[in-house]
Structure formats: C-alpha cells, structure tokens
Amino acid sequence: MIGGVKGGRSTYGICYGALSWQIEEGVVGELDVTGLAVALVVRYDDDEPGSPWSIVLHVDDRGSPEQQDALADVFLGRLGGPHVKTLPWVRKARHLLDVRPSTIELSPERDGFRLRVGDAVRLRATRVVENQDPVACVISGYERIGRELYADELVVEDEPFAWELSGNCAFAASFEYTSE
C-alpha cells in the first residue's frame, strides 16, 4: 500500500497500491483454493466525499470459474468474517471496477518479494527497511507482525489505473482469514 496512514489522512492525500495474497492452505465452502492467488489494485482520494476505494480484483486464472468466484466472494467481503469486515475496501464505500481472471505470480526473493499480475502489475521489493520497529497493518491484521520493505519498482498499467513508482513503502506479512 502506498501513502497510507492509520486513522488519518493519507500521507499524500491519495492512496494507491497493489496488494496480493498467496493462499498456502484454504477452503471456501467445499472448494479447495490452496495454492491460488489474489491481487487487488486500489486507489482512494481523501478529498473525494466518503473517500471510497476504487478497486480491481484479480483472481488466479489457474482456478476454475467456481474457485475464482469463491475467491472474489472472500476478498470482496461477501462471506463476512471478523477480520475481513475490517478490511478498508470492505468496511468503507467502494467502487468495484472489475474482477479479472489473471496470471498471478508471487515469489519470495532473498530479502523480499516479486509480484506480477499478467501485464497489469509489476512489483519488486527486495530492500528491507533497516532498524525498523515491529510493523503491523490492518490488511493482514494488526496482530500479525510483518516486514517493511522499499519497493524497487511498482508499475501498474491496469485500466483505469496507471502509475510507476520506486523507493516507496512495501509490506509483507502472513495472514489468516476465516468466515463467521
């Protein structure tokens, strides 16, 4: 996530970024979603009334249509759950622009991660922020400590979004989501 501040205005007035999840083990209803991935491209403007999130959700194209629908239901908050309800794009107003099946590659690197979402998103974050205090984020859950990194590159060309950044904040953490 780029430019966010917990509980206040975002650092630059506009918050945008790319989020991703690799599901190590998971079931939605009767559907096994183990090994699949999800990515979310997001943007909001503090000065837009209600500052709604504009989002494009990418679901793993290796999944069946039923698995893709189930992943969309989870990550858009349609199935509820104590943690999912706290996610910013679930608890606040949002504009769901699209749900797109995409090739999602999330791979660990020596000190960081690399994400590729088809031709829409390219992210590489390999430099760990040194001397950092424990870092937590609402996305993974504040009870989950993660690592803050510098993004070597974040390139998004995902209509209607387009930006190219480097040296900005990146964050990695584990998570565990359950429904009600």
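Is Ser 102 buried or exposed, and what is its relative accessible area? In this predicted model, Ser 102 has a relative accessible area of 10% and is therefore buried, the cut-off for burial being under 20%. Ser 102 lies in strand E6, which covers residues 94–102. When neighbours within four places in sequence are set aside, the contacts of Ser 102 are with His 58, Val 59, Asp 60, Asp 61 and Val 117.

Arg 62 was examined next. Arg 62 is located in the loop that runs between strand E5 (53–60) and helix H1 (65–75). With a relative accessibility of 54%, Arg 62 is classed as exposed. Residues up to four places away in sequence being excluded, Arg 62 is in contact with Gln 22, Gly 35, Leu 36 and Ala 37. Gly 35 is 27 residues from Arg 62 along the chain, and the C-alpha atoms of the two residues are 9.5 Å apart.

The protein has a mean pLDDT of 82, with 79% of its residues at 70 or more. Over residues 1–6, pLDDT remains under 50, although the model places 24 contacts beyond four places in sequence for this segment.

Notes. Residues are numbered from 1 along each chain as its sequence is written. This is a predicted model: local features need pLDDT of at least 70, side-chain atom pairs count only at pLDDT 80 or more; totals for chains, interfaces and linings use all residues. Side-chain values use heavy atoms; hydrogens and water are left out. Helices (H or I, at least four residues) and strands (E, at least two) are DSSP runs, numbered from the N terminus. Buried means under 20% relative accessible area, exposed over 50%, partly exposed in between (1.4 Å probe, protein chains only). Contact means heavy atoms within 4.5 Å. pLDDT is the predictor's confidence in each residue, from 0 to 100.
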